[in-house]
Amino acid sequence: MTEEYSRDLERAEEYEQITARATALGKNKMELSTGLIIAARYADKLRRVALVAFSKMVPKEVIIRDIAELNKQLYDKIVNEMKLDKISVIKIIVDAEYDEQNKKLVFSNLRILRYYNEEEIKKMCKSYEDKIKALEEDIQNYKKKVVQIEQLLKSME
């Protein structure tokens, strides 16, 4: 694990030079964004973004500890709730604020955006087209039944 964290620290410093994935929202508050990633890489990427964003104001141990907790919650949401596979393309955005008194990062406004490739979109469109066709057939059947009921009522007069 230590080797993984030291690698993340090195990459975080590299990311700081190349691209900013964090936006300041106020004192000790940042919006963290992973950018587009495959779902399998969210934990590493989020940890690196947090290290870049907070490394000058928050102890690294606190960042790593609190991001690990957030990553556990994200795993449950990504895998169990959203049922995404490892190669699904996602973007995670979360607001993070450093609580100096309790020495912890507090996360809020978590957003997980799922992106679809062209093939997935075509499958979804086909599925919706099939559902629309079935609903149109149902409408036609109901119209026929309404006509039959109207004829029955007229014959009763």
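The structure is a predicted model, in which local features need pLDDT of at least 70 and side-chain atom pairs count only at pLDDT 80 or more, while totals for chains, interfaces and linings use all residues. Residues are numbered from 1 along each chain as its sequence is written, and side-chain values use heavy atoms, with hydrogens and water left out.

Helices (H or I, at least four residues) and strands (E, at least two) are DSSP runs, numbered from the N terminus. Two strands pair if DSSP finds at least two bridges between them. Strand β4 (residues 89-99) pairs with strand β5 (residues 104-115) in the antiparallel sense, over 10 bridges. Within this pairing, Ile92 has Ile112 of β5 as its bridge partner.

In one of them, Glu31 meets Arg111 at 2.9 Å, N to O. Glu31 lies in strand β2 (residues 29-33) and Arg111 in strand β5, so this pair ties together parts that are 80 residues apart in sequence.

For accessibility, buried means under 20% relative accessible area, exposed over 50%, and partly exposed in between (1.4 Å probe, protein chains only). Glu31 is partly exposed at 24%, and Arg111 is partly exposed at 22%. Another salt bridge joins Arg65 to Asp66, with the closest N and O atoms 2.8 Å apart. Here Arg65 is partly exposed at 42%, whereas Asp66 is buried at 7%.

Definitions and conventions. Salt bridge = Lys/Arg side-chain N within 4 Å of Asp/Glu carboxyl O.
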